[in-house]
Amino acid sequence: MDRNPSPPPEEDETEAGEEADAIGETVYSKHWLFSTLTRLIQMVTDQESGPSDSSVELTDDLEEDLCRVWDMAMDKDVAVFLQEFKAPDILLGVIAKSRSPRLTEICVGILGNMACFHDTCVSLSQNSDLSVLLLLLGDNDPPTLLETCRLLLTCLSQPDVAPLWLERIRQQPAVCGSLCFIMSSSTNVDLLVKVGELVDKLFDEDEELMKSWVSTPASDSDPNKDTQQDMASSLLEAATQLRSESPEALEVYLHSLQLLTTVEEGMQALVSDGACGREVWTFVCKIVCEDLCQEEDPPLILQEQKALLAPALALLSALHSSLQTTISTKHTLSTDSLLHERHRGVCLRFAIILLFRFHNLCLFLTGTELLGSLIRILQFNAEWRQSRTDGNSESEESQKEEDEQLKALVETTAEFLSAVLMQLNKVKLAALQFTNSNKF
């Protein structure tokens, strides 16, 4: 006897429906995500109908759900789905109209997580509305600034889209002023660390951008132009703040300052009249002498501190040469002119003035502390290499492999120490000549 087939079990229908609603291989719901984004759009729409000068607070429920989307965007399947659903257009539109700092932070954070994946980062970077993100660098909300810098740094780390972002940044002169303002005024350690990483990445990727930022005055459109410090001073201010709060974060700032010394414009920004070269010199000397590679440390400390010592000593070495050239050009008096003043009985006084003017920036350098630090670095390197050989803890092949960063540190230290010792000899010789010329 024929009969109609039995209907499929309800469980099978439920499972099929759940699979259709799932995003990729995840358990996240497409329907829930659509609903959350719809509520977000509705909130912004309602916001526009209110007073234009009032801030708007997120409801607890919507904030919680948007934070879930923020976390979900770290999943590749979700990031791809959001891209296909045109979520970046929605989020950028919300950012442009938002009057809620927390909402802006969350939206930028979602975009930042999406940018962690190559394909979504490339697709996202093609969006012409992304210039709004650069304007956010002038915002006064630290969490928003932190997420904006994280997003920019993530995109700049993708070789395929880095040139596109560099071009956008070059076209926005206010970016430099905004970053300088943050570095020179913020006390938020996390923000200073992320801004330092961003500036270091920009300088490393685009030398022309670095040149323009150290030689171009503040833009007239920059709201902080009256109080803005120059790039070198801003880097120094942030580094000074981080020395006490987060010493391990100093590396990017020392490296950025060291990069300035590799171009003429950057060196002039450090050693010209009114520049901060003296302050940078004193600050870095203190780091090397007081914070790094101390007498009681084991030789292995070089491996831990090489990333900080390498840019620090490279910076000091470059400043030593350039600062002495600048000072000697401006302030030294010839021996003949001193001898000409001998009949007035002031030769020795002028000689002392000469020595102090010529070497007032390298008193740290000629002191025993910095000399001791330079010698100690070379000594620790020799002891560490000897311990590796004696211990036979590594294969012969691995022992032959050069640590490029440590090798560069040792070479810079040796060259710097040589320059210091030569300068000391010149000082002693000059002092002796002036002393003899004062004998009547």
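User: Which residues of helix 4 are buried?
Analyst: Val78, Ala79, Phe81, Leu82 and Gln83 are buried in helix 4. Buried means under 20% relative accessible area, exposed is over 50%, and partly exposed is in between, with a 1.4 Å probe and protein chains only. Helices are DSSP runs of H or I with at least four residues, numbered from the N terminus.

User: Before going on, what kind of model is this?
Analyst: This is a predicted model, where local features need pLDDT of at least 70, side-chain atom pairs count only at pLDDT 80 or more, and totals for chains, interfaces and linings use all residues. Residues are numbered from 1 along each chain as its sequence is written, and side-chain values use heavy atoms, with hydrogens and water left out.

User: Back to helix 4, what covers its buried residues?
Analyst: The cover includes helix 2, helix 3 (60–72), helix 5 (87–97), helix 6 (101–114) and helix 7 (118–125). Contact here means heavy atoms within 4.5 Å.

User: What caps the N-terminal end?
Analyst: Asp75 does, with a side-chain oxygen 2.9 Å from the backbone nitrogen of Asp77. Just after helix 4, Lys86 has a positive phi of about 65 degrees.

User: How many aromatic pairs does the structure hold?
Analyst: It holds 4. Rings of Phe, Tyr and Trp (its six-membered ring) pair if their centres lie within 6.5 Å; planes under 30 degrees apart are stacked, over 60 edge-to-face, and the rest tilted. One of the pairs is Phe34 with Phe81, which is tilted because the planes are at 40 degrees, with centres 5.7 Å apart. That pair links distant parts of the chain, 47 residues apart: Phe34 is in helix 2 (residues 30–48) and Phe81 in helix 4 (residues 76–84).

User: Phe34 itself, buried or partly exposed?
Analyst: Phe34 is partly exposed, at a relative accessible area of 31%, whereas Phe81 is buried at 13%. Ring pairs also link Phe34, Phe81 and Phe85 into a cluster.

User: What about Phe203 and Trp213?
Analyst: They form an edge-to-face pair, 6.2 Å centre to centre with 65 degrees between the planes. Phe203 lies in helix 12 (residues 189–205) and Trp213 in helix 13 (residues 207–215), so the pair ties together parts 10 residues apart in sequence. Both Phe203 and Trp213 are buried.

User: New topic. Where is Asp141 found?
Analyst: Asp141 is in the loop between helix 8 (131–135) and helix 9 (142–156).

User: And what does its side chain contact?
Analyst: The Asp141 side chain makes a polar contact with the side chain of Thr144 at 2.7 Å. A polar contact is a pair of N or O atoms within 3.5 Å; within protein, one must be able to donate a hydrogen and the other to accept it, and residues adjacent in sequence count only if both atoms are side-chain atoms.

Notes
Helices (H or I, at least four residues) and strands (E, at least two) are DSSP runs, numbered from the N terminus.
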